Amino acid sequence: MKLPLVLLTGISFIATSSADLVPRLVRDINATPETRSSSPKFFTQVGNVAFFTAWDPIHGEELWKTDGTEGGTVLVKDTWPGADDGGIGWIVAAGNRVLFS
């Protein structure tokens with residue numbers, strides 16, 4: 001199964017499936033009045049899941065994952081607890097695992 005196409009628009013994720021090609025909101029990572037973008041980056045696919053970093057005002061920039069659904073788009077780990085960034089500089093797939101630093 002291929003992951004849906006994920007488009008990044010400001011602070012939202014929009015996905016399309018290959019069946020309908022109609023964009024839909026997956027999840028708004030920064031669902032606060034904060035105007036800063038969640039700035040998602042470093043997308044890496046492992047199986048049917050995409051791992052990436054994104055920012056929110058509670059956790060800072062941390063590791064997230066998505067399966068293309070709202071419920072499946074979640075924070076993996078707040079590697080540096082609190083609002084400070086976790087300092088993740090890269091994400092790579094290694095078999096069925098993801099490595100990051």
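Is Val92 buried, partly exposed or exposed, and at what relative accessibility? Val92 is partly exposed, because its relative accessibility is 35%; the class lies between buried (under 20% relative accessible area) and exposed (over 50%), with a 1.4 Å probe and protein chains only.

The views show a predicted model, in which local features need pLDDT of at least 70, side-chain atom pairs count only at pLDDT 80 or more, and totals for chains, interfaces and linings use all residues. Residues are numbered from 1 along each chain as its sequence is written, and side-chain values use heavy atoms, without hydrogens and water.

**View 1. The whole chain has nine strands and zero helices.** Strands (E, at least two residues) and helices (H or I, at least four) are DSSP runs numbered from the N terminus. The order along the sequence is β-β-β-β-β-β-β-β-β. Of 101 residues, 32% are buried. The accessible surface is about 5900 Å², and carbon and sulfur atoms hold 58% of it. Areas come from the Shrake-Rupley method with a 1.4 Å probe; for residues, only the protein chains shown count as cover.

**View 2. Trp90, Val92 and Leu99 form a nonpolar surface patch.** Together they have about 260 Å² of accessible area. Patch members have over 30% relative accessible area and no salt bridge; nonpolar side chains (Val, Leu, Ile, Met, Phe, Trp, Tyr) are joined within 5 Å, like charges within 9 Å. Val92 sits in strand E8 (residues 91-94).

**View 3. Val46, Phe51, Leu63, Ile88 and Ile91 make up the largest nonpolar core.** Such a core joins buried Ala, Val, Leu, Ile, Met, Phe, Trp, Tyr and Cys residues through side-chain atoms within 4.5 Å. Beyond its neighbours within four places in sequence, Val46 is in contact (heavy atoms within 4.5 Å) with residues including Phe51, Ala93 and Val98.

**View 4. Phe43 and Phe52 are the one aromatic pair.** Ring centres lie 4.8 Å apart and the planes meet at 15 degrees, so the pair is stacked. Rings of Phe, Tyr and Trp (its six-membered ring) pair with centres within 6.5 Å; planes under 30 degrees apart are stacked, over 60 edge-to-face, the rest tilted. Phe43 is partly exposed at 35% relative accessibility. Phe52 is buried at 0%.

**View 5. Lys41 and Glu61 form a salt bridge.** Their closest N and O atoms are 3.3 Å apart. The criterion is a Lys or Arg side-chain nitrogen within 4 Å of an Asp or Glu carboxyl oxygen. Lys41 is partly exposed at 35%; Glu61 is buried at 12%.
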